[in-house]
Amino acid sequence: NSTFHVTWPRVHISLDFLGPARFEEILRIEVVVAKLGESSVSFQHSIYGPKHPVARGTSISVCCKIDRS
């Protein structure tokens, strides 16, 4: 009887800084599933300050099965 654990490590992260974020500013962070594959998921990330975008990026996570037997 084998047991396994599933984990989703990030295998790629890319982020472009578009403008500064100031101390004590409230930021809005958006994360959207851009692509759902059979063993991976891609996300789009956007960070907005009160007056302008602060950063945009992408990340990819893959499904990994760890055999605990």
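Two strands count as paired if DSSP finds at least two bridges between them; strands are themselves DSSP runs (E, at least two residues), numbered from the N terminus. The model is predicted, so local features need pLDDT of at least 70 and side-chain atom pairs count only at pLDDT 80 or more, whereas totals for chains, interfaces and linings use all residues. Residues are numbered from 1 along each chain as its sequence is written, and side-chain values use heavy atoms, with hydrogens and water left out.

Figure 1. Strands of a sheet pair through backbone hydrogen bonds, either parallel or antiparallel.

**Figure 2. Strand 4 and strand 5 are joined by a hairpin.** Strand 4 (residues 40-48) and strand 5 (residues 53-62) pair in the antiparallel sense over nine bridges. Among the bridge partners are Ile47 with Ala55 of strand 5 and Ser46 with Arg56 of strand 5.

**Figure 3. Ser46 is a buried residue of strand 4.** Its relative accessibility is 14%, and buried means under 20% relative accessible area, exposed over 50% and partly exposed in between (1.4 Å probe, protein chains only). Not counting residues up to four places away in sequence, Ser46 touches Arg28, Ile29, Glu30, Ala55 and Arg56, where contact means heavy atoms within 4.5 Å. One of these residues, Arg56, is also the bridge partner of Ser46.

**Figure 4. Arg28 and Glu30 meet in a salt bridge.** The side chains are 3.1 Å apart, N to O; a salt bridge is a side-chain nitrogen of Lys or Arg within 4 Å of a carboxyl oxygen of Asp or Glu. A search of the whole structure finds one salt bridge. Arg28 has a relative accessibility of 47% and therefore counts as partly exposed. Glu30 is partly exposed as well, with a relative accessible area of 31%. Both Arg28 and Glu30 are among the residues that Ser46 touches.

**Figure 5. Strand 3 and strand 4 form a hairpin with three residues between them.** Eight bridges join the two strands, which run antiparallel. Val33 stands opposite Phe43 of strand 4. Val32, also in strand 3, is partly exposed because its relative accessible area is 44%. Beyond residues up to four places away in sequence, Val32 touches Ser42, Phe43 and Gln44. Between Val32 and His45, which are 13 residues apart in sequence, the C-alpha to C-alpha distance is 6.6 Å. In a regular strand the side chains alternate between the two faces of the sheet.

**Figure 6. Strand 2 and strand 5 pair in the antiparallel sense.** Seven bridges connect these strands, and the partner of Arg10 in strand 5 is Ser61. Strand 2 is hardly covered: the count of buried residues among its eight residues is zero. In strand 5, Ser61 is buried because its relative accessibility is 3%. With residues up to four places away in sequence not counted, Ser61 touches Trp8, Pro9, Arg10, Ser39, Ser40, Val41 and Phe43.

**Figure 7. Phe4, Val6 and Trp8 make a nonpolar surface patch.** The patch covers about 300 Å², with accessible areas from the Shrake-Rupley method. Patch residues have over 30% relative accessible area and no salt bridge; nonpolar side chains (Val, Leu, Ile, Met, Phe, Trp, Tyr) are joined within 5 Å, like charges within 9 Å. Phe4 lies in strand 1 (residues 4-7), and Trp8 is one of the residues that Ser61 touches.

**Figure 8. Glu24 has a positive phi.** The value is near 70 degrees, in a residue other than glycine. Most residues other than glycine have a negative phi. Glu24 is placed in the loop between strand 2 and strand 3. With a relative accessible area of 69%, Glu24 is exposed.

Key:
Helix = DSSP H or I, 4+ residues; strand = E, 2+ residues; numbered from the N terminus. Areas by Shrake-Rupley, 256 points an atom, 1.4 Å probe, with all protein chains shown as cover.
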